[in-house]
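Open the model in your viewer and keep the sequence panel beside it. Each stop below gives a selection and then says what is there.

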Amino acid sequence: MSKPVNVLVIVHGMSPHPEPKSPFQLYENFWQDLLQEEPQIAQIFRESYIGVEWGQELPLNPSIASYQIRTDQRLTRAQNFVNERVCYDKVIKDPHPNNISMPMFGGDGMDFPLLTPLVRKLVVGLRESIITRGFGDVIYYSSEDGEREVRRAVYGQVLEKLEPYYEREDIRLHLIGHSLGATLNHDFLFGLFARNHEPGFCEKQFGQDGQRFEKWRKKAQKKD
C-alpha cells in the first residue's frame, strides 16, 4: 500500500472590512506557528497547505469594471455600496421623517455626554462591519446565486491543487476553517462523502471544476 498523502486546506470566514486584506499572510503565520509548536507536521504535510480566498476583491481597485473580476469578489463592492447609503453618518444628515436618532445617540431627549461617543462608536462600528459586511457574506452564501459562486471559487481552488494527487491511493484531507469557512469546509466534505446525495456542484454549469468534483466524489465513495 502506498504512503498516505496528507493535504491541509485552510479557508477564511466572513470579512467585515471595507478594504479586505489578503488572507494568505494570515495562513502563512498560522502555518509557521504550527511548525514551531509541532515541527514534525512538516513531514506529514510535505506540500505545506492549500490556502483559499473568496468573496473579496484583492486588491480593491475601483478602476477595474465589475465584470472583470470574479462574481463572488463583487461582494466587497456591493457591501460598500450598501453601507455608504445606510451608514450612521449618512442617515443623520438626511432630514427624512423616517430617520429618527435615539436620544442617547445624539437625538432629542435625555443624553449622556460622556457615554454617547463611546457607545455610538461601538454600536455603529459593529453594525457597519459585522452586520452589513460580515453577515452580508453569510446572507450571500445563503442565497442560491451566492452559494453557487462562493462554491465555484472555493471548490475550484481546492480541486485545482488536489489534481496532482488524484492517482494516489490514500489521500487524506485536513480542513481548517474560520467562521463561515467552517461551513464551506463542511459543505465540501459533505458533497464528497455523503451517499445517496447528489450535490449541486456536480451540475454541468460548473464545467471543469464540476467534473473534477464528481471525479473526486466517486473516488471518495469507492468501496474497498
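The tour below walks through a predicted model.

**Stop 1: the enclosed space**

How many cavities of 30 Å³ or more does a search of the whole structure find? The search finds 1. The largest cavity holds about 50 Å³ of space. Rolling a probe the size of a water molecule over the atoms is what shows where empty space is left.

Select Ser 15, His 17, Pro 20, Gly 55, Gln 56, Leu 75, Thr 76, Gln 79, Asn 80, Arg 133 and Asp 137 to display the lining of the largest cavity. Now colour the selection by class. The lining has 7 polar residues, 2 nonpolar and 2 charged.

Which helix gives the largest share of this lining? Helix 3 does, with 4 residues. Helix 5, residues 115-142, also supplies at least two, as does helix 3.

**Stop 2**

Together with Phe 81 they make a nonpolar surface patch of about 250 Å². Is Phe 81 buried, partly exposed or exposed? Its relative accessible area is 48%, so Phe 81 counts as partly exposed.

**Stop 3**

Move to the loop between strand 2 (50-52) and helix 3. Select Glu 53 and Arg 70. Their side chains meet in a salt bridge, 2.9 Å from N to O. Both residues sit in this loop, 17 residues apart, and the pair links distant parts of the chain. Check the cover over each partner. Glu 53 is buried, at a relative accessible area of 10%. Arg 70 is partly exposed, at 29%.

Next, select Leu 58 and Pro 59. What kind of peptide bond joins Leu 58 and Pro 59? The bond is cis, with omega at about -10 degrees. Pro 59 lies in this loop too, between strand 2 and helix 3. Most peptide bonds are trans.

**Stop 2: salt bridges within helices**

The structure holds 15 salt bridges. Two more are worth a stop.

Select Glu 214 and Arg 217. Their closest N and O atoms are 3.9 Å apart, and the two form a salt bridge. Are Glu 214 and Arg 217 buried or exposed? Both are buried.

Then zoom in on Asp 145 and Arg 148, which form a salt bridge with closest N and O atoms 3.3 Å apart. These two residues are 3 apart in helix 6 (residues 144-162), so about one helical turn separates them. Asp 145 is partly exposed, with a relative accessible area of 47%.

**Stop 5**

Turn to the second largest pocket. Its volume is about 410 Å³. Of the 18 residues that line it, select the ones closest to its centre: His 12, Gly 13, Pro 23, Leu 26 and His 178.

Now bring in the surrounding elements. Strand 1 (5-11), helix 1 (24-37) and strand 3 each supply at least two lining residues. The largest share of this lining comes from helix 1, with 3 residues. By class, the lining has 9 nonpolar, 8 polar and 1 charged residues.

**Stop 6**

Finish with the backbone. Most residues other than glycine have a negative phi.

Select Ser 179. Its phi is positive, about 55 degrees, although Ser 179 is not a glycine. Where is Ser 179 found? Look in the loop between strand 3 (171-177) and helix 7 (180-193). Ser 179 is partly exposed, with a relative accessible area of 37%.

Last, select Asn 196. Phi of Asn 196 is near 55 degrees, again a positive value in a residue other than glycine. Asn 196 has its place in the loop between helix 7 and helix 8. With a relative accessible area of 85%, Asn 196 is exposed.

How values were computed: Residues are numbered from 1 along each chain as its sequence is written. This is a predicted model: local features need pLDDT of at least 70, side-chain atom pairs count only at pLDDT 80 or more; totals for chains, interfaces and linings use all residues. Side-chain values use heavy atoms; hydrogens and water are left out. Patches are made of residues with over 30% relative accessible area and no salt bridge: like charges are joined within 9 Å, nonpolar side chains (Val, Leu, Ile, Met, Phe, Trp, Tyr) within 5 Å. Accessible areas come from the Shrake-Rupley method with a 1.4 Å probe; for residues, only the protein chains shown count as cover. A salt bridge is a side-chain nitrogen of Lys or Arg within 4 Å of a carboxyl oxygen of Asp or Glu. Buried means under 20% relative accessible area, exposed over 50%, partly exposed in between (1.4 Å probe, protein chains only). On a 1 Å grid over the protein atoms alone, a cavity is a set of points where a 1.4 Å probe fits but cannot get out, and a pocket is an open set with protein on both sides within 12 Å along at least five of seven lines; lining residues have an atom within 4 Å of a point. Grid points are joined across faces, edges and corners, and a volume is the space filled by probe spheres set on the points. Ala, Val, Leu, Ile, Met, Phe, Trp, Tyr, Cys and Pro count as nonpolar, Asp, Glu, Lys and Arg as charged, and the others, Gly among them, as polar.
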